[in-house]
Amino acid sequence: MLLGEIFELVQLVFVVAFTVFLANCVDYDILFANKFVNHTDSSKVTLPDAFLPVDVCSARIRDNVFVIFILIISGVFWLHRLVKFIYNICCYWEIRSFYINALKMSMTDLPYFTWQEVQARIIEIQKEHQICIHKKELTELDIYHRILRFKNYMVAMVNKSLLPVCSRLPLLGDTVFYTRGLKYNFELIFFWGPGSLFENEWSLKPEYKRGGNRLELADRLSSRILWIGIANLLLCPVILIWQILYAFFSYTEVIKREPGSLGARCWSLYGRFYLRHFNELDHELISRLSKGYKASSKYMNCFMSPLLTVVAKNVAFFAGSILAVLIALTIYDEDVLAVEHVLSSITLLGICITVCRSFIPDKHMVFCPEQLLKVILAHIHYMPDHWQGNAHRYETRDEFSQLFQYKAVFILEELLSPVITPFILIFCLRRKSLEIIDFFRNFTVDVVGVGDTCSFAQMDVRQHGHPAWMSAGKTEASIYQQAEDGKTELSLMHFAITNPHWQPPRESTHFISLLKEKVHREAATGQQGIIAENPAFTSTHSLQSDSEPRSLIANLLMGPPSLGSLHMGREGTINPVSIGVSEGASALRSLSPVSTSLHLRGSYPSARLPRPDHPAVVAGRPMTGSGTDARTISSGSSAWEGQLTSIVLSEYASTEMSIHALYMHEMHKQQSRGEVSRHTWHRQESDESSESVNEDIEVARTFPRSSTFPTTSHQAGAAQQSGSQRRWGGTLDPVSGSFRAQRTPRMPMGGWSEENQMSRHHDPVPEEGSEDELPPHIHKVT
């Protein structure tokens with residue numbers, strides 16, 4: 001990390017100095033042979049002949065005001081980075097000392113430790129030395145909260161459609177613009193910049209925890225966003241020049257070497273936040289998205305225009321013919337390259353052919369978008385409801401391209417970011433100031449030993465579960481409190497599988513137990529041949545293709561050889577073992593030794609548990625995240641074998657999460673048939689308070705409000721409706737008894753009074769109190 005920051009400082013100096021040198025110290029007439037140079041000897045013109053003398057170069061720089069301005073701004077920014085670098089040196093030294101002295105990990109062995117081992121040692125150190133003085137023991141969730149405090153807030157704001165800003169453009173339709181520059185400004189405004197909402201790295205400012213002065217705070221935040229937007233607008237020329245130069249120096253060589261790299265795809269920044277679980281570390285997210293990259297590329301390549309394909313084939317033929325002639329002439333006589341523009345023509349023709357090939361589909365490709373989309377879902381875990389069954393439509397493809405965009409589009413957006421970011425801040429983000437203030441107040445909890453964190457990151461099904469995602473009857477959350485797209489439920493399962501020793505809250509434990517019981521019961525049912533109508537089979541049936549990992553996911557539910565029947569030998573080899581049907585279901589259970597494993601085993605009286613020496617049990621034990629080194633799992637195993645074992649066990653956990661994600665989506669699909677779908681592309685309008693509040697409420701209200709401010713209900717009849725009818729906006733047909741979805745007037749996003757349970761979220765917001773009072777909606781979590 002230290003070496004990387006050193007080279008970043010060197011890169012900044014090089015880019016600025018080299019650019020100024022090229023603009024002011026080179027005589028391009030000599031370089032392009034437009035000017036004759038007198039030489040005392042008969043030697044040819046050399047590159048140094050095109051360099052201007054030092055005094056001439058210095059005079060040109062001094063006379064150029066714009067260059068002086070660029071140098072001043074770059075110098076200030078470089079000094080800021082230098083100060084930050086010096087501060088980081090001290091932080092890195094403390095981290096190094098902590099790993100060596102506290103965790104007993106040498107720097108030579110550190111690259112070979114897994115994150116689970118590091119985390120387990122931190123938990124053990126806390127018990128012995130009390131590195132956190134506020135609580136006796138640290139949990140896995142506490143460690144994740146400390147690392148991902150601000151990222152969890154960003155994931156939650158993206159999930160609730162506060163960020164980023166979605167706009168409808170005339171030709172492009174609904175477009176999401178989210179770049180690294182815009183993300184930097186968001187973090188500057190919310191978390192760590194001057195005047196931000198947080199007073200330090202772990203605590204939200206007290207005034208933002210109370211609702212009495214929300215309007216004043218919203219005005220203050222709006223003004224701050226305005227000034228930051230103006231600063232971005234003033235610095236736009238400098239930042240734009242930097243972006244262009246950095247992109248030119250970074251990608252020119254790559255484009256020359258691999259012209260097709262611009263036609264490759266990458267996960268967009270918006271896609272990374274939309275697809276990210278709560279409490280998911282960077283390496284976990286990257287690993288998960290990387291596994292879905294191949295299937296995603298195949299899916300996007302299914303949509304090839306026949307017209308473009310015909311044009312590309314013919315253009316490639318003509319360009320290839322000319323290129324073949326030039327190459328043949330060059331082979332015959334290399335002096336052909338000395339002819340003007342011959343070398344340039346060969347380069348451009350090669351690029352043209354490469355680009356044309358990207359529009360020509362593979363002749364062996366099979367059009368199966370639904371199956372590919374199911375495989376993608378197994379890895380990315382999130383997908384709007386209306387995509388399923390519509391994978392062959394261009395609308396689905398265009399929406400997926402917002403998550404999985406061309407590399408060229410990514411570069412273009414980053415280049416345009418300095419120009420567009422100021423306008424987004426000034427004209428779009430400022431309008432959401434009140435909603436942002438309400439969001440941070442309503443969704444911030446004080447965790448003992450951790451500080452203020454996002455309440456969504458608690459992954460509490462009772463507070464933030466969604467009835468349509470298997471949380472019906474277990475959640476008290478209103479529409480405003482519900483996480484969208486099953487984010488709470490899927491994040492909970494992901495964290496429980498990744499950290500099996502973590503003890504979730506009672507409601508979450510019950511949710512995990514019921515879900516795993518359903519999955520394993522239907523897995524056993526599927527192995528007995530009754531697989532036609534159970535969701536576990538339906539969710540994995542489409543994976544039975546040679547294009548993607550059927551042996552890991554599909555075969556686990558479809559019969560032997562299953563993951564439970566994989567025997568890991570002492571030499572690190574994997575041998576198939578024949579086991580029975582009931583033992584196969586038990587092996588599936590053993591893949592996830594979460595804290596509720598004992599409860600789960602008690603739920604299966606008919607399933608014979610595997611023996612302690614069963615390979616599935618042996619495979620499940622190292623995943624518990626204990627302090628045992630993964631390299632010593634099997635006696636006599638070497639460090640390399642231990643690392644191979646760790647990789648295989650990580651694949652087990654990833655596969656189990658893929659199964660549960662597919663199953664949960666299938667259950668959600670069956671449960672929500674005929675109901676109004678609320679997904680990220682259609683949700684922003686439905687959540688606006690101005691659209692869903694009756695006029696009499698608007699007249700009675702004497703102060704402005706946002707769509708995220710809690711209000712009280714005035715309709716007594718709403719309290720008598722069933723919970724499903726209140727949440728889902730539908731009615732029961734008294735004749736047929738079927739459910740009919742309808743768009744009913746809803747309370748604002750903060751309309752928590754639709755839930756008449758006694759919950760700590762339903763108290764009215766008091767006026768501003770003293771500093772010592774616990775503010776409303778800020779709960780202390782122990």
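In this predicted model, Glu 124 and Lys 127 form a salt bridge in which the closest N and O atoms are 3.8 Å apart. Both residues belong to helix α5, which covers residues 115-129, and they sit three residues apart, about one turn of the helix. Glu 124 is partly exposed, at 37% relative accessibility, and Lys 127 is also partly exposed, at 43%. Side chains of opposite charge can pair when their charged atoms come close.

The pair Lys 135 and Asp 142 has a salt bridge with an N to O distance of 2.7 Å.

Another salt bridge links Arg 506 to Glu 507, with 3.9 Å between the closest N and O atoms. Here Arg 506 is exposed, at 69% relative accessibility. The pair is part of a network in which salt bridges with shared partners join Arg 462, Glu 476, Arg 506 and Glu 507. The count of salt bridges comes to 22.

The chain around these pairs can be described in a few totals. The protein has 782 residues, and 48% of them are buried. Its secondary structure consists of 32 helices and eleven strands. Of the contacts with a separation of 6 or more, 71% are between residues 24 or more positions apart. The accessible surface is about 39,000 Å², and carbon and sulfur atoms account for 61% of that area.

The largest nonpolar core has 105 residues, and the members that touch the most others are Phe 190, Phe 400 and Phe 440. Helix α28, residues 639-671, gives the most to this core, with eight residues. Which residues does Phe 190 contact, beyond its neighbours within four places in sequence? They are Met 157, Leu 163, Ser 196, Leu 197, Phe 198, Arg 224, Ile 436 and Phe 440.

Helix α12, residues 282-291, has buried residues at Glu 284, Leu 285, Arg 288 and Leu 289. Viewed down the axis of α12, the buried residues fall within an arc of 120°, so they line one face of the helix.

Strand β6 runs from residue 451 to residue 454 and contains Thr 453. Thr 453 is buried, with a relative accessible area of 2%. Apart from residues up to four places away in sequence, Thr 453 touches His 145, Arg 149, Tyr 153, Phe 443, Thr 444, Val 445, Val 447 and Gln 458.

The surface also has a nonpolar patch. Leu 233, Leu 412, Leu 416, Val 419, Ile 420, Phe 423 and Phe 427 make it up, and together they have about 600 Å² of accessible area. Helix α18, residues 407-428, provides the largest share, six residues. One of the residues in α18 is Ile 420, which is partly exposed with a relative accessible area of 30%.

Val 56 lies in helix α3, residues 54-63, and is partly exposed at 35% relative accessibility. Its C-alpha atom is 8.9 Å from that of Asn 24, a residue 32 positions away along the chain.

The backbone has some points to check. Most residues other than glycine have a negative phi, and most peptide bonds are trans. The peptide bond from Leu 163 to Pro 164 is cis, with omega near -15°. Pro 164 is in the loop between α7 (149-159) and β1 (166-169), and Leu 163 is one of the contacts of Phe 190.

Gln 130 is not a glycine but has a positive phi of about 55°. This residue is in the loop between α5 and α6 (140-147), and Gln 130 is partly exposed at 31% relative accessibility. Asp 485, also not a glycine, has a positive phi of about 60°. The loop that holds Asp 485 runs between α20 (461-464) and α21 (487-498). Is Asp 485 buried or exposed? Asp 485 is buried, with a relative accessible area of 10%.

Methods
Residues are numbered from 1 along each chain as its sequence is written. This is a predicted model: local features need pLDDT of at least 70, side-chain atom pairs count only at pLDDT 80 or more; totals for chains, interfaces and linings use all residues. Side-chain values use heavy atoms; hydrogens and water are left out. A nonpolar core is a set of buried Ala, Val, Leu, Ile, Met, Phe, Trp, Tyr and Cys residues joined through side-chain atoms within 4.5 Å. Buried means under 20% relative accessible area, exposed over 50%, partly exposed in between (1.4 Å probe, protein chains only). Helices (H or I, at least four residues) and strands (E, at least two) are DSSP runs, numbered from the N terminus. Contact means heavy atoms within 4.5 Å. The arc is that of the directions from the helix axis to the C-beta atoms. Patches are made of residues with over 30% relative accessible area and no salt bridge: like charges are joined within 9 Å, nonpolar side chains (Val, Leu, Ile, Met, Phe, Trp, Tyr) within 5 Å. Accessible areas come from the Shrake-Rupley method with a 1.4 Å probe; for residues, only the protein chains shown count as cover. A salt bridge is a side-chain nitrogen of Lys or Arg within 4 Å of a carboxyl oxygen of Asp or Glu.
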